[in-house]
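Work through the exercises below with the structure open beside you, and try each task before reading its solution.

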Amino acid sequence: MMPMNNDNNNPQWPFELFGIECESGWKKLYEPIIEYIIEYNKTHEDNPIKIHQIKEKYGGLRFYTNYYTEELDKMIDKAEDESYNVCEICGKHIDQPIVKHHWIYPFCKECFNKRHKEDI
């Protein structure tokens, strides 16, 4: 069930409630998509693209909208694919995410070690 805003008339998507739900290391991946949507919406005010959610899931970037143009779909696919080789925290290239205790961490070793120490 969708969360509702205070007047219970308009559904609120996670993006409206929480903003971007991943670290800034992926900023270079999701910012061009947001910029595309902003530009697209300037000429499609009657039917704008709405961002529903931007987050990390299963070690990769996820970017959900209400619908996609062909160009937007390609941009999102490319960013999601590239995210598996980019540290979510610092943005450095990684060969693959770190898997520990069946959890996928899209971090470089340095960021993983720092985050892991902070969680103890």
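**Exercise 1.** In this predicted model, determine how closely the axes of α2 and α3 approach, at what angle they cross, and which residues make the contact.

*Solution.* Start with the axes of α2 and α3, which come within 9 Å and cross at roughly 170°. Angles over 145 degrees count as roughly antiparallel, and α2 and α3 are therefore roughly antiparallel to each other. The crossing of these two helices, α2 and α3, is left-handed. Finally, list the residues in contact: α2 contributes L29, P32, I33, Y36 and I37, while α3 contributes E71, L72, M75, I76, A79, E82 and S83.

**Exercise 2.** Identify the elements that supply the largest nonpolar core, and find which one gives the most.

*Solution.* The largest nonpolar core holds 18 residues, and those with the most contacts inside it are Y30, I37, I54, L61 and F63. At least two residues of this core come from each of α2 (27-42), β2 (51-57), β3 (60-65) and α3 (70-83), and α2 gives the most, with 7 residues. Taking I37 as an example, and not counting residues up to four places away in sequence, this residue touches I49, I51, F63, T65 and L72. A second, separate core of 7 residues includes I94, F107, C108 and F112.

**Exercise 3.** Decide whether T65 is buried or exposed, and describe its surroundings.

*Solution.* First place T65 in strand β3. Because buried means under 20% relative accessible area, T65, with 8%, is buried. Leaving aside neighbours within four places in sequence, T65 is in contact with I37, I49, K50, I51, H52 and L72. The side chain of T65 also reaches the backbone oxygen of Y67 at 2.8 Å.

How values were computed
Residues are numbered from 1 along each chain as its sequence is written. This is a predicted model: local features need pLDDT of at least 70, side-chain atom pairs count only at pLDDT 80 or more; totals for chains, interfaces and linings use all residues. Side-chain values use heavy atoms; hydrogens and water are left out. A nonpolar core is a set of buried Ala, Val, Leu, Ile, Met, Phe, Trp, Tyr and Cys residues joined through side-chain atoms within 4.5 Å. Buried means under 20% relative accessible area, exposed over 50%, partly exposed in between (1.4 Å probe, protein chains only). Helices (H or I, at least four residues) and strands (E, at least two) are DSSP runs, numbered from the N terminus. Contact means heavy atoms within 4.5 Å. A polar contact is a pair of N or O atoms within 3.5 Å; within protein, one must be able to donate a hydrogen and the other to accept it, and residues adjacent in sequence count only if both atoms are side-chain atoms. Axes are lines fitted to C-alpha atoms, for helices over the stretch in contact, and angles run from 0 to 180 degrees between N-to-C directions. Angles under 35 degrees count as roughly parallel, over 145 as roughly antiparallel, 65 to 115 as roughly perpendicular and the rest as oblique. A crossing is left-handed if the near helix is turned anticlockwise from the far one by less than a right angle, and right-handed if clockwise.
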